[in-house]
Amino acid sequence: MICIFLGGPGAGKGTQSLRVAEKLGIPHISTGDIFREHIRNKTDLGILAEGYISKGQLVPDEVTMSLIEVRIHADDCKKGFILDGFPRTINQAELFDKLLAKEYKKVDKVINLDVADETIVNRLANRRVCPKCGAAYHTKYLQPKKEGICDLCGAELIQRDDDREEVILKRLSAYHTQTEPLIKYYKEAGTIVDVDGSRVVKIIFDDIMEVIEK
Ligand code: AMP
């Protein structure tokens, strides 16, 4: 199963895709998480990516593609994987389809999480994330059992640097201009299903699993 999660920043891609990956027993691949790990480790890639991420811009496609190519060829991806935050441009989607076609593979499902911009701004400004496992919480609506601590792995929660309001607006704008056209791309391919991402986490998850198991 090769499944892509599409949607604006804060649409719930991370929360839902992590749960789906866990349920299916296949890896969850978030390009954002990979970039953040490189930033923490101060690698050359991290230093390069940080320049874009801190401004709410997308990292250049060549950089993202080479990272994805390596990751999806790791041993744990043999039975499939869930992509969170990739592809984010038409060019990435086309290059990814070509990459898969070389190995007689294809994208099986694209889940498009649909959420209004106002909801996104509120969610991101109040979002707290786990730097270790990527789990996301909301200061009011999705609190961890113990304040400031990740339920899943026990690490201390943080606010992402790019979850500041001025950066959020730039990320939303990058989503509308560069990523939203992917909805049409995958509609033409017949692989996309729209899911209302404004509801509670469990209801959205049940809907997604129904789509995936069909
Ligand atoms: P995310 O955690 O998915 O919200 O990603 C955080 C940031 O990482 C984005 O705002 C982009 O700057 C960068 N990023 C993540 N995935 C990609 C991608 N597929 N292409 C380009 N930039 C990306």
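Where is the place of K42? K42 sits in the loop between α2 (31-40) and α3 (44-53). Helices (H or I, at least four residues) and strands (E, at least two) are DSSP runs, numbered from the N terminus.

This is a predicted model, in which local features need pLDDT of at least 70, side-chain atom pairs count only at pLDDT 80 or more, and totals for chains, interfaces and linings use all residues. Residues are numbered from 1 along each chain as its sequence is written, and side-chain values use heavy atoms, with hydrogens and water left out.

**Backbone exceptions**

Most residues other than glycine have a negative phi, and most peptide bonds are trans. K42 is not a glycine, yet its phi is positive. K42 is exposed, with a relative accessible area of 66%. Y104 also has a positive phi and is a residue other than glycine. Y104 lies in the loop between α5 and β4. Its relative accessibility is 80%, so Y104 counts as exposed. Here, buried means under 20% relative accessible area, exposed over 50%, and partly exposed in between (1.4 Å probe, protein chains only).

| Item | Angle |
|---|---|
| K42 | phi of about 50 degrees |
| Y104 | phi near 55 degrees |
| F86 to P87 | omega near -5 degrees |

The peptide bond from F86 to P87 is cis. P87 belongs to the loop between β3 and α5 (90-102).

**Strand β1**

Strand β1 covers residues 2-6. Five of its five residues are buried. I2, I4 and L6 point one way from the strand. C3 and F5 point the other way.

Which strands does β1 meet? Strand β3 (residues 81-84) runs parallel to β1, joined by four bridges. Strand β4 (residues 109-114) is also parallel to β1, and four bridges join them. Two strands pair if DSSP finds at least two bridges between them. I4 has L83 as its bridge partner in β3. F5 has I111 as its bridge partner in β4.

**A negative patch**

D114, D117, E118 and E180 form a negative surface patch. Patches are made of residues with over 30% relative accessible area and no salt bridge: like charges are joined within 9 Å, nonpolar side chains (Val, Leu, Ile, Met, Phe, Trp, Tyr) within 5 Å. A salt bridge is a side-chain nitrogen of Lys or Arg within 4 Å of a carboxyl oxygen of Asp or Glu. E180 lies in the loop between α7 (165-179) and α8 (181-189). E180 counts as partly exposed because its relative accessibility is 32%.

Notes
Accessible areas come from the Shrake-Rupley method with a 1.4 Å probe; for residues, only the protein chains shown count as cover. Lys and Arg count as positive and Asp and Glu as negative; His and the chain ends are not counted. The place of a charge is taken as NZ of Lys, CZ of Arg, CG of Asp or CD of Glu.
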